Amino acid sequence: SSSSSSSSSSSSSSSNDHYDNRKTRPPTPRPYNNPMTHPPTPRPNNDFCEINIDIKCADTNGRKCDRIRSPDRKCDTRRGIDEVTFKYLGTDCDESINAQDDDECEDFDGGPRDRSLVRCLDEDDITLFSEVVKIGDVFTVSSPNSRPIQDEIICEISDADNRRRRQEIRFHISDSDDMFLKDIYGSLQLEGCDEQTCLKDLEYTYEIENVGTESLEIDLLERTIKTSLEINGENIRDTETDDLIRFVDDRNLRRGEETEAVEDCGGCGSVCGGCGTSTSTCGIEAEEELKLGTHDPTYQHYAMYIPKNP
């Protein structure tokens, strides 16, 4: 009885000391309080290039161009005229519009070309002017001895290269023959007679401001003047482009900085407009386009300037 009890106790003890290696589930992890999120959306790029351009025009006395008064159109021939100023148009005799009934104009071999030799003489065959000109050029015919030009001027228009005659014009400078500024004699348009002139010395100021967010470098500044002249129903167009980059004070502009370009335009501004005689059917339109750009070829700025008195 006693042995049996002892054996049973020993067996129970061995069973309790045995290592229980049965697999168990791992403990439930603690909740994660900082869950993963998407990265923040980057701020939009609002950088941009923008330039403001302000164009000012004045004569040498500081008078604004739209306040310059036009001169008397009728030339004062009572005391004689020492010099006359013409613009070369390259037009045929059929385009003549003037107040002289006895002017003479004759075309040869199709009339004048864009680039021509103009030679003007007085009635004694004394050469008053002889130079090669192109359409839009202005030139002055003056007496060599500072005395009034005699009654008649003869101008011969020839090819600049081979001197082939293309046009001959005869008109009168006397008290009995009227002359008006902007009158047209064949390929020549009258722009001035002595102190009476349509052409003025002007100063153009181009004020440039960087109003964008980026620094920039200006390496393009061009001005294009487009002129359309209508004479008796026929339209004559001329386009002239000038590079103005050399006039820019400072080509590198940071944000908010300003610079300017000042152009002295000697004798380039016409304050008359239209044509001379009141009986003519003639009109003129002009517009000025300013093209400004940076070293980045994808960005250019355009500004239109319409002169009040083209």
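User: Which residues is Glu 168 in contact with, leaving aside its neighbours within four places in sequence?
Analyst: The model is predicted. In it, Glu 168 is found in strand E8. Leaving aside neighbours within four places in sequence, the residues in contact with Glu 168 are Glu 104, Cys 105, Glu 106, Phe 108, Ile 154, Cys 155 and Glu 156.

User: Is Glu 168 buried or exposed?
Analyst: A residue counts as buried when its relative accessible area is under 20%. The relative accessibility of Glu 168 is 18%, so Glu 168 is buried.

User: Which side chain does the side chain of Glu 168 join in a polar contact of 3.5 Å?
Analyst: A polar contact requires a pair of N or O atoms within 3.5 Å. The side chains joined at 3.5 Å are those of Glu 168 and its partner, Arg 165.

User: Which residue in E8 stands opposite Glu 104?
Analyst: Strand E3 pairs with strand E8 (residues 165–172) in the antiparallel sense, over four bridges. In E8, the residue opposite Glu 104 is Arg 170.

User: Is Lys 182 buried or exposed?
Analyst: Lys 182 lies in the loop between E8 and strand E9 (184–185). The cut-off for a buried residue is a relative accessible area under 20%. Lys 182 has a relative accessible area of 3%, and therefore it is buried.

User: With which side chain does the side chain of Lys 182 make a polar contact?
Analyst: The distance in this polar contact is 3.0 Å. The partner of the Lys 182 side chain is the side chain of Glu 191.

User: How far apart in space are Lys 182 and Thr 197, C-alpha to C-alpha?
Analyst: In sequence, Lys 182 and Thr 197 are 15 residues apart. In space, their C-alpha to C-alpha distance is 9.6 Å.

User: How many residues apart in sequence are the parts that the pair of Phe 86 and Phe 139 ties together?
Analyst: The structure holds five aromatic pairs. One of them is formed by Phe 86 and Phe 139, which are tilted, with 6.0 Å centre to centre and 40 degrees between the planes. Phe 86 belongs to strand E2 (residues 83–88) and Phe 139 to strand E6 (residues 138–142), so the separation of the parts tied together is 53 residues.

User: Is the pair of Phe 129 and Phe 139 stacked or edge-to-face?
Analyst: Phe 129 in strand E5 and Phe 139 in strand E6 are ten residues apart, and both are buried. Planes under 30 degrees apart count as stacked. The ring centres of Phe 129 and Phe 139 are 4.5 Å apart and the planes are at 20 degrees, so the pair is stacked.

User: Which residues do ring pairs link into a cluster?
Analyst: Phe 86 and Phe 139 are both buried. Ring pairs link these two into a cluster whose members are Phe 86, Phe 129, Phe 139, Phe 171 and Tyr 185.

User: How many contacts beyond near neighbours in sequence does the stretch of residues 1–21 have in the model?
Analyst: The pLDDT of the protein averages 75, and 66% of the residues score at least 70. Over residues 1–21, the pLDDT is below 50. Beyond near neighbours in sequence, the number of contacts for this stretch is zero.

Definitions and conventions:
Residues are numbered from 1 along each chain as its sequence is written. This is a predicted model: local features need pLDDT of at least 70, side-chain atom pairs count only at pLDDT 80 or more; totals for chains, interfaces and linings use all residues. Side-chain values use heavy atoms; hydrogens and water are left out. Two strands pair if DSSP finds at least two bridges between them. Helices (H or I, at least four residues) and strands (E, at least two) are DSSP runs, numbered from the N terminus. Buried means under 20% relative accessible area, exposed over 50%, partly exposed in between (1.4 Å probe, protein chains only). A polar contact is a pair of N or O atoms within 3.5 Å; within protein, one must be able to donate a hydrogen and the other to accept it, and residues adjacent in sequence count only if both atoms are side-chain atoms. Contact means heavy atoms within 4.5 Å. pLDDT is the predictor's confidence in each residue, from 0 to 100. Rings of Phe, Tyr and Trp (its six-membered ring) pair if their centres lie within 6.5 Å; planes under 30 degrees apart count as stacked, over 60 as edge-to-face and the rest as tilted.
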